[in-house]
Structure formats: C-alpha cells, structure tokens
Amino acid sequence: RELSGEARSYVPLLPSLTLALHARAGAIGGDGDPATSVPFFKRYFLGGATSLRGWGRFEVAPLTPSGLPIGGFSQLDTSAEVRVSPDAFGAFGVVGFVDVGNVWDRSWRWNVTDLRADAGLGLRYQTPVGPVRLDVAYQLTPNNALVIDGRAAGDYRRWRFHFSIGQAF
C-alpha cells in the first residue's frame, strides 16, 4: 500500500519574477515488515536533477551499514525556487533554489528534525521543446555516512551539477 501527495504553487512577484513552490510526501508499506514485503524497485530514493539537487540520483535514502543507499518507506521532498524568466534576458533565465527533504526507513514515519538541505543556482535556456537547464547545488547538511567510491561522500562531494531538459517541477 502506498499513499502520496504532491502540491505546487507558482506566485508571480514581478512581471519576470516568479516564486515556485513544490512539496511531496509519501509512505509505502506492505503486510508485515516493509523491508521484506516492499520490493527494492518500489522503495523511495531522493536526489538528482528533480529532487534534492545537492545530491546525485538516488543518494538520499536509508543506508546499509557499509554506507550504500537501500531505499526507504517514507519520504518528504520540498523545493522553493525564485525564477527570473527568459523574457528578462532573451532566451536565458536564472533560478535560485533551496531543496529540503529526506527518506526514512519506517513506513508512515516522518522526522522533520532529520532533513537534508541544499541551495543553488540554475541557468535556463528556453528552446521550442522547453527549457534546457544547468543547476549547481551545494549540500547544506551532508550525510557523512554515505559512501561513494569507497569514500565518505560528505567529505568531498558537497557540490553537484545537473544538466537536464524541463523544469525541476
């Protein structure tokens, strides 16, 4: 069983300036222990170009004792962006953002005192099929237990770059 919800709001501040807000929460569980009843591919992971941009894809999740993400059963993901539209600079736009969220290892349990956060800037180039974007984010709350390539990621991977097409939300 899974229950999730998502909300978005776009507030015009000036003709070329918009505040964009996004929030998503969800929980998943099965009969008995979710660690054995919920398949790995159904578990929650955050991080990447559309959530918690300060981390790589799937890097925000409960970890094994050796520091590898294994997915969780409850998630919270929020973002706020201040967008300067491409109208202001020809085909280019600029975004400042903050992302906050986490994934937890228990179903239907959210711990708002245990959140990961990042902040960053993005460049948008408007094309006929949508914006092409480059985001640069910095981890404000690194996870030193996360291990990437045999090293604690919080020690050396606090900056992330993401290149993608379309808005983050």
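This is a predicted model: local features need pLDDT of at least 70, side-chain atom pairs count only at pLDDT 80 or more; totals for chains, interfaces and linings use all residues.
Residues are numbered from 1 along each chain as its sequence is written, and side-chain values use heavy atoms, with hydrogens and water left out.

Strand β5 covers residues 116-127 and β6 covers residues 130-139, and the two pair in the antiparallel sense over 10 bridges, where pairing requires that DSSP finds at least two bridges between the strands. Within this pairing, T127 stands opposite G130 of β6. On β6 there is also an antiparallel pairing with strand β9, residues 159-165, over seven bridges, and here R133 has S164 in β9 as its bridge partner.

Which strand gives the most to the nonpolar patch? It is β9, with three residues, although β4 (92-104), β5 and β9 each supply at least two. The patch lies on the surface and consists of F89, F92, V94, L123, Y125, L134, W159, F161 and F163, with about 970 Å² of accessible area together. Such areas come from the Shrake-Rupley method with a 1.4 Å probe, and for residues only the protein chains shown count as cover. A patch takes residues with over 30% relative accessible area and no salt bridge, joining nonpolar side chains (Val, Leu, Ile, Met, Phe, Trp, Tyr) within 5 Å and like charges within 9 Å; a salt bridge is a side-chain nitrogen of Lys or Arg within 4 Å of a carboxyl oxygen of Asp or Glu. F92, which sits in strand β4, is partly exposed at 39% relative accessibility, given that buried means under 20%, exposed over 50%, and partly exposed in between (1.4 Å probe, protein chains only).

Turning to the aromatic rings, rings of Phe, Tyr and Trp (its six-membered ring) pair if their centres lie within 6.5 Å, with planes under 30 degrees apart counted as stacked, over 60 as edge-to-face and the rest as tilted. By this rule there are five aromatic pairs. In one of them, the centres of F40 and F45 are 5.5 Å apart and the planes stand at 65°, so this pair is edge-to-face. F40 is partly exposed at 49%, whereas F45 is buried at 18%, and together with F58 they form one aromatic cluster.

Terms used:
Helices (H or I, at least four residues) and strands (E, at least two) are DSSP runs, numbered from the N terminus.
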